[in-house]
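Subject: The structure for you to look through

Hello,

Here is the structure I promised to pass on. Please open it beside this message and follow along as you read.

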Amino acid sequence: MKIDEVEVRLVRLPYRSPFKTSFAEETEKHATIVTVRSEGVEGYGEGVMDPFPNYREETIAGAHHLLLHAFGPDLVANGCEHPSELTARWARWRGNPMAKTALELAVWDCYARQQGVPLRTLLGGELTEIPVGASLGMNTVEKTVESVSQHVEQGYKRVKLKIEPGWDVELLAAVRAVHPHIELTVDANSAYTLDMLPLLRQIDEFGLHYIEQPLHWDDLTEHAVLAKELRTEICLDETLTSPARVKAALDLGACTVVNVKVGRVGGLQSVREIHDLCVARNVPMWCGGMLETGIGRAHNIHLATMPGFVFPGDTASASRTYARDLVEQQLETTDGIMPVPEGPGIGVTLDRPFLEQVTESREVVR
Ligand SMILES: [Mg+2]
């Protein structure tokens with residue numbers, strides 16, 4: 001592919017309601033939207049960096065610099081034969097998986113559109129719809145139980161609650177009292193330490209499908225210790241930053257369930273490698289979410305059609321998060337099932353007037 005230009009936009013998109021986790025409360029999405037233009041065809045990618053490093057280390061400012069001064073110029077200068085080669089080519093710049101992913105996704109989308117096939121076809125995904133779960137931010141116990149009931153009624157296949165010490169046992173008891181048998185999971189976003197084992201044992205009693213990232217955001221070894229102490233399966237999120245990291249986690253027994261976020265692991269080529277590893281070892285995967293706009297959400301839906309994604313992911317209806325999205329298609333679930341946007345590439349078109357309205361800055365590498 002000859003790449004004519006790379007456009008990087010910073011956008012701000014208001015959330016319908018604030019989203020609270022154990023590390024932050026956010027009221028609007030700061031998204032990095034990357035467009036690749038190649039011989040009259042456009043492809044879109046989205047970066048999931050935040051303004052501050054609350055989730056992993058990357059920031060929007062750092063990624064913006066690398067997109068405009070490293071990855072973007074390299075792509076425009078050298079083009080590429082196939083999007084799968086970019087991860088290895090950009091390995092000379094260490095780390096920064098989210099920044100690399102924002103551009104790599106745009107190239108995959110552009111390539112699929114040029115080939116006239118849906119992105120999922122390039123990834124070996126045969127599903128035309130995927131089961132999804134919902135992730136609920138922190139609220140009062142009463143409101144959380146009510147929200148769980150609403151999502152169960154809407155047919156979501158799994159409900160995930162954000163927890164932290166002091167916001168866990170009481171909450172889970174209240175939810176389980178009303179919904180003893182639903183597929184329920186929790187995400188601690190690294191809010192616990194190994195010396196809180198007695199508390200973690202209490203959480204272990206609620207028949208959870210798995211517990212996500214209970215310990216430090218970069219830890220493997222203590223998770224391996226904890227895994228031996230709990231019946232509940234451990235799923236890692238923050239810690240898994242590359243195919244090598246996933247392999248290390250599985251080798252150590254640090255997790256038995258894998259959350260895949262394409263931005264965290266460095267792009268779709270990395271997702272393919274992790275997918276093949278997990279399938280070979282019979283490890284269930286699911287697709288995590290970062291409250292993406294329709295561009296990132298569409299990418300997530302396509303990658304979650306790969307056969308190793310056996311648990312429902314976080315790719316819920318866009319309207320739960322945004323009153324108006326950046327894409328024209330409504331990415332909405334019915335009865336907990338999300339249709340895959342069809343057509344070439346990720347199958348969505350931009351709501352260009354709205355994109356202009358929410359764009360804070362736009363820069364182009366030619
Ligand atoms: Mg998580």
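Below is what I found in it, taken part by part.

First, the ground rules. This is a predicted model, in which local features need pLDDT of at least 70 and side-chain atom pairs count only at pLDDT 80 or more, while totals for chains, interfaces and linings use all residues. Residues are numbered from 1 along each chain as its sequence is written. Helices (H or I, at least four residues) and strands (E, at least two) are DSSP runs, numbered from the N terminus.

**The two domains**

The chain is assigned domain 1 (5–118 + 349–365) and domain 2 (121–339); such bounds come from an automatic or database domain assignment. Between the C-alpha centres of domain 1 and domain 2 there are 23 Å. Domain 1 gives 35 residues to the contact and domain 2 gives 37 residues, where two residues are in contact if their C-beta atoms, placed from the backbone, lie within 7 Å.

On the side of domain 1 that touches domain 2, the elements giving two or more residues are strands S1 (5–20), S2 (25–38) and S3 (41–47), together with helices H2 (86–89), H3 (97–115) and H13 (352–358). H3 supplies the largest share of that side, eight residues. By class, that side of domain 1 has 20 nonpolar, seven polar and eight charged residues. Here Ala, Val, Leu, Ile, Met, Phe, Trp, Tyr, Cys and Pro count as nonpolar, Asp, Glu, Lys and Arg as charged, and the others, Gly among them, as polar.

Strands S1 and S2 are antiparallel, paired over 12 bridges; two strands pair if DSSP finds at least two bridges between them. Arg-12 has His-30 in S2 as its bridge partner. S2 is also antiparallel to S3, over seven bridges, with Val-36 opposite Gly-43 in S3. S2 and S3 form a hairpin with two residues between them, and Glu-39 in the turn has a positive phi of about 50°.

**The parallel sheet**

An open sheet of seven strands runs in the order S5-S6-S7-S8-S9-S10-S11, with parallel pairing. Strand S5 (134–136) and S11 are at the edges with a single partner strand each, so one side of each has no neighbour in the sheet. At the S5 end, three bridges join S5 to the parallel strand S6 (residues 159–162), and Ser-135 has Lys-160 in S6 as its bridge partner.

From S9 the chain crosses through helix H9 (residues 243–252) to S10, a right-handed β-α-β crossover. Right-handed here means that, with the strands pointing away from the viewer, the path from the first strand over the helix to the second runs clockwise. S10 is in turn joined by three bridges to the parallel strand S11 (residues 285–287), where Val-258 stands opposite Met-285.

Which way do the residues of S10 (residues 257–260) point? Val-257 and Asn-259 point one way, Val-258 and Val-260 the other, and all are buried. A residue is buried if 20 or more other C-beta atoms lie within 10 Å of its own, exposed if 12 or fewer, and partly exposed in between, with C-beta atoms placed from the backbone.

Among the buried residues of H11 are Leu-268, Val-271, Ile-274 and Cys-278. Just after H11, Asn-282 has a positive phi of about 60°. In helix H12 (residues 294–303), 10 of its 10 residues are buried, including Arg-297 and His-299.

**Some loop residues**

Tyr-322 sits in the loop between H12 and strand S12 (337–339). Tyr-322 is buried, because 21 other C-beta atoms lie within 10 Å. Apart from neighbours within four places in sequence, Tyr-322 is in contact with Leu-13, Tyr-15 and Arg-16. The C-alpha atoms of Tyr-322 and Glu-28 are 9.4 Å apart, although 294 residues separate them along the chain.

Most residues other than glycine have a negative phi. Asn-189 has a positive phi, near 45°, and Ser-190 has one near 70°. Asn-189 lies in the loop between strand S7 (184–187) and helix H7 (197–203), and Ser-190 is also in the loop between S7 and H7.

Best wishes
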